[in-house]
Amino acid sequence: MINDEWWDLRKEFVARYPIDVEVGDWKGETMTVQRWADGLLDQLEAAVKPGAAGPDAAGGGGYGSRPPVRVGAVSLHAEITRTLKGWAVHFTGRRTPTAYRALSELGRVLPAIQYTYTAAMVSKMTDWRTRMRWVLGWESPPFAPRVPCPQCLALGMLRCWPTETWVECLVCRSYWTAETLGELRDRLRLSRELTHAR
Ligand SMILES: [Zn+2]
């Protein structure tokens with residue numbers, strides 16, 4: 001059932017879930033303990049909270065022990081919030097102040113939403129789940145081309161998120177979205193030609 005899939009995804013976004021954390025070795029065996037992780041959306045929210053280093057300070061390290069905010073997290077968080085709120089207005093006629101409220105409003109009217117729309121939401125939410133897991137460091141994105149970053153020239157440090165058009169450099173945190181991807185392609189082509197011309 002598509003609605004069940006929707007609820008499962010919503011749960012992963014907002015509900016805490018158990019994870020096994022490695023705590024060391026004991027007599028050659030890896031010891032793990034169970035800990036609870038916040039829902040992915042909570043983790044993403046925490047990652048973009050002001051108080052940690054802003055995107056401008058990227059690479060400069062965060063304050064205290066907080067890791068610096070990742071530009072990818074900021075843009076992904078903005079995209080998810082904007083889209084969820086848009087869906088809530090579309091399907092319920094109500095404006096919602098947060099992504100969470102949008103999700104609960106959508107859950108309320110879900111039985112009345114047509115299959116194709118729910119399927120489209122599920123597909124988008126599945127994509128967000130993957131990208132949140134990448135951005136939060138639970139998984140690595142699969143594609144790392146062996147090309148120099150046009151901004152900082154670090155080799156092989158670009159990460160391409162294939163399902164959405166979004167490329168980020170792990171070193172200088174430059175990033176390219178659908179709007180600027182053409183520019184990235186041009187600059188990569190240019191740097192390739194320059195390298196070959198040498
Ligand atoms: Zn770079």
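Student: How many salt bridges does the structure hold?
Tutor: The predicted model holds 8 salt bridges.

Student: Let's take aspartate 38. Which side chain does it meet in a salt bridge?
Tutor: Aspartate 38 meets the side chain of arginine 16, at 3.2 Å from N to O. The two come from distant parts of the chain, 22 residues apart. Aspartate 38 is in the loop between β2 (29-37) and α2 (40-48), and arginine 16 is in the loop between α1 (2-14) and β1.

Student: Is aspartate 38 buried, exposed or partly exposed?
Tutor: Aspartate 38 has a relative accessible area of 35%, so it is partly exposed. Arginine 16 has 52% and is exposed, because the cut-off for exposed is over 50%.

Student: What about arginine 131? Which residue is its salt-bridge partner?
Tutor: Glutamate 79, with 3.1 Å from N to O. This pair also links distant parts of the chain: arginine 131 sits in helix α5 and glutamate 79 in helix α3 (residues 71-92), 52 residues apart.

Student: And are those two buried or exposed?
Tutor: Arginine 131 is buried, with a relative accessible area of 2%. Glutamate 79 is buried too, at 12% relative accessibility. Buried means under 20%, so both values qualify.

Student: Where does glutamate 105 come in, and which residue does it form a salt bridge with?
Tutor: Glutamate 105 pairs with arginine 94, and their closest N and O atoms are 3.6 Å apart. Glutamate 105 lies in helix α4 (residues 99-109) and arginine 94 in the loop between α3 and α4, so the bridge ties together parts 11 residues apart in sequence. Glutamate 105 counts as buried at 7% relative accessibility, whereas arginine 94 is partly exposed at 42%.

Student: Which residues of α5 are buried?
Tutor: The list is Thr118, Met121, Val122, Met125, Asp127, Trp128, Arg131, Met132, Trp134 and Val135.

Student: What happens just after α5?
Tutor: Glycine 137 takes a positive phi of about 90° there.

Student: New topic: rings. How many aromatic pairs are there?
Tutor: The count is 3 aromatic pairs. In one of them, the rings of tryptophan 6 and tryptophan 7 have their centres 5.1 Å apart and their planes at 85°, so that pair is edge-to-face.

Student: Why edge-to-face?
Tutor: Because the planes are at 85°, and the cut-off for edge-to-face is over 60 degrees.

Student: Are those tryptophans buried or partly exposed?
Tutor: Tryptophan 6 counts as buried, at 0% relative accessibility. Tryptophan 7 is partly exposed, at 37%.

Student: Last one. Which residues form the nonpolar patch on the surface?
Tutor: Val23, Trp26 and Met31, with about 320 Å² of accessible area together. Valine 23 is in strand β1 (residues 17-26). Its relative accessible area is 52%, so valine 23 is exposed.

How values were computed: Residues are numbered from 1 along each chain as its sequence is written. This is a predicted model: local features need pLDDT of at least 70, side-chain atom pairs count only at pLDDT 80 or more; totals for chains, interfaces and linings use all residues. Side-chain values use heavy atoms; hydrogens and water are left out. Rings of Phe, Tyr and Trp (its six-membered ring) pair if their centres lie within 6.5 Å; planes under 30 degrees apart count as stacked, over 60 as edge-to-face and the rest as tilted. Buried means under 20% relative accessible area, exposed over 50%, partly exposed in between (1.4 Å probe, protein chains only). Helices (H or I, at least four residues) and strands (E, at least two) are DSSP runs, numbered from the N terminus. Patches are made of residues with over 30% relative accessible area and no salt bridge: like charges are joined within 9 Å, nonpolar side chains (Val, Leu, Ile, Met, Phe, Trp, Tyr) within 5 Å. Accessible areas come from the Shrake-Rupley method with a 1.4 Å probe; for residues, only the protein chains shown count as cover. A salt bridge is a side-chain nitrogen of Lys or Arg within 4 Å of a carboxyl oxygen of Asp or Glu.
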